[in-house]
Amino acid sequence: MDKWLQNNNVIKLVALLLAIMLWLIVNDEGNLFRSKQTDNIVTNVPLTVRYDEDRFAIRKMPDSVDLYLRGHIPSMKRVTPSRFEAYVDLRNQGEGTHRDLPVKVKGVPGGVEAEVRPRTVEVSLESKRSRVVPVEVEVIGHPKPGYKAGKPVAKPERVEVRGIRSDLEKVRRVKAVVNAEGATETISRSVSLQVYGEDGEFSGVEVSPREVDVEISVASPNLKLPLAVQYSGVPPKGLAVESVKTEPDTVTVYGTKNYLAGLKTYPGPVLDLSGMNRDRTVVMEIPVGDGAVKVEPEQITLDVKVVKGKEKTLRNIPVKIRGAKEEMQVEMVSSDRVDLTLFGAPSRLKELKAGDLKAYVDLSEQTPGEYPVPVQVEAPDFIQMADGQSPTVTVRVE
């Protein structure tokens, strides 16, 4: 026996026989495995309907069906329930109740038999109808303090709602909801529409279009006022400003009601005349003063006309006293009238009258005594005291 086992050819023969036996065993078991069948049940497979969704809506149908599966074990292992699609085809059908509709199934792998339960179902189709409904804009939140939201405007103002009659009857309103919290400027945006019934938001119908453009003006209280441009300096010697045309000459000022209530004019920018030796056009920014939120427009254009100046003397202009304290006794020792020589554009001097001037002495800083006090003059724009003019009056303060 030992000699047989030591023979190399005998060992090879034994190995071959063992391999053949092993292959026969495996092959026979594989055939047995493949020939064995099993079954399975997949419940609650969603049921869908293929139909003309533009014309009809489903009023009644089962939600799901069950599948009874049978097949050989290898085939059954390829079953993937998530791939199953159970459906009925009503694409060539019209409105009404359709009975005994065969349920079809997709996604069943080869080698597997599928039985649908129930095999047929009943589905009711109802024609869609439409209503035209106005769009309501609901504004939530509040603009920034000092600002106010105007009336919202939706475009289009009306939309079409489509669905079956019973659902359309449930529609109460169609809304576009816009949040205005903290807004400081006009809100303009596209907003998705929401349909509401008596019990709140309702999703049983279609809306066309699904979005509308909403605009809500947001601004603080405002007032249109004349613009009062300020001036500093005077043109070079011998020249005078004949006119300054402002475009525009009014502005819209935004601010609190209390602030606006105290305004008669709005203080504009300060134009420096000291370098004006010829006609000029100047563009200036309009300042936003304390209490104002915004001013429109933001800029103004100033057309300045410069001419050769002349002098004009007006006589016996009354001098008033300003700034005297209540406990002071003031007496005008000299005459209380003065002659004033003014300088300006000829066209302006021609129209200048004594009543256009206000001459006064300021005693707010004066102490008791008798002394001359310089006369100060308030004159219309672009009119000034001629060079060398320094009128005074003598006052006694006790």
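Student: Why is Asp-167 called buried?

Tutor: This is a predicted model, and every value is computed from it. Asp-167 has a relative accessible area of 16%. Buried means under 20%. So 16% puts Asp-167 in the buried class.

Student: Where is Asp-167 found, and what does Asp-167 touch?

Tutor: Asp-167 is found in helix H4, residues 165-168. Leaving out residues up to four places away in sequence, Asp-167 touches Phe-202, Gly-204 and Val-205.

Student: What makes Lys-170 and Asp-167 a salt bridge?

Tutor: Look at their closest N and O atoms, which are 3.9 Å apart. The cut-off is within 4 Å, for a side-chain nitrogen of Lys or Arg and a carboxyl oxygen of Asp or Glu. The pair therefore qualifies.

Student: Is Lys-170 buried, exposed or partly exposed, and how do you know?

Tutor: Lys-170 has 44% relative accessibility.

Student: How many salt bridges does the structure hold?

Tutor: The structure holds 21. One of them joins the side chains of Glu-126 and Arg-59, at 2.8 Å from N to O.

Student: Which parts does that pair tie together?

Tutor: Glu-126 sits in strand E8 (residues 120-127), and Arg-59 in strand E2 (residues 56-60). So the pair links parts that are 67 residues apart in sequence.

Student: How do you know which class Glu-126 and Arg-59 each belong to?

Tutor: Use the cut-offs again. Glu-126 has 6%, which is under 20%, so Glu-126 is buried. Arg-59 has 54%, which is over 50%, so Arg-59 is exposed.

Student: What makes Glu-115 and Arg-119 a salt bridge?

Tutor: Their side chains meet at 3.2 Å, N to O. That is within 4 Å, so the pair qualifies. Glu-115 is partly exposed at 28%. Arg-119 is exposed at 58%.

Student: Which residues touch the most other members of the largest nonpolar core?

Tutor: They are Val-161, Leu-193, Val-212 and Val-214, in a core of 24 residues. Strands E9, E12, E13, E14 and E17 each give two or more residues to this core. The largest share, four residues, comes from E14. Apart from this core lies another, of 23 residues, including Val-253 and Phe-382.

Student: Why might nonpolar side chains gather like that?

Tutor: In soluble globular proteins, nonpolar side chains tend to be buried together.

Student: Which residues make the nonpolar surface patch of about 380 Å²?

Tutor: Leu-13, Leu-16, Leu-17 and Ile-20 make it. Take Leu-16, which lies in helix H2 (residues 8-35).

Student: Why is Leu-16 called partly exposed?

Tutor: Leu-16 has a relative accessible area of 47%. That falls between 20% and 50%, so Leu-16 is partly exposed. A patch residue needs over 30%, so 47% passes that test too.

Student: What makes Phe-343 buried?

Tutor: Phe-343 has 13% relative accessibility. The limit is under 20%, so Phe-343 counts as buried. Phe-343 is placed in strand E28, residues 337-344. Among the residues Phe-343 touches, beyond those up to four places away in sequence, are Gly-238, Lys-310 and Phe-382.

Note on methods:
Residues numbered from 1 in each chain as written. Predicted model: local features only at pLDDT ≥ 70, side-chain atom pairs only at ≥ 80, totals over all residues. Heavy atoms only, no water. Patch = residues over 30% accessible without salt bridge, like charges linked within 9 Å, V, L, I, M, F, W, Y side chains within 5 Å. Areas by Shrake-Rupley, 256 points an atom, 1.4 Å probe, with all protein chains shown as cover. Buried < 20%, exposed > 50% of the residue type's maximum accessible area, 1.4 Å probe, protein only. Core = buried A, V, L, I, M, F, W, Y, C linked by side-chain atoms within 4.5 Å. Contact = heavy atoms within 4.5 Å.
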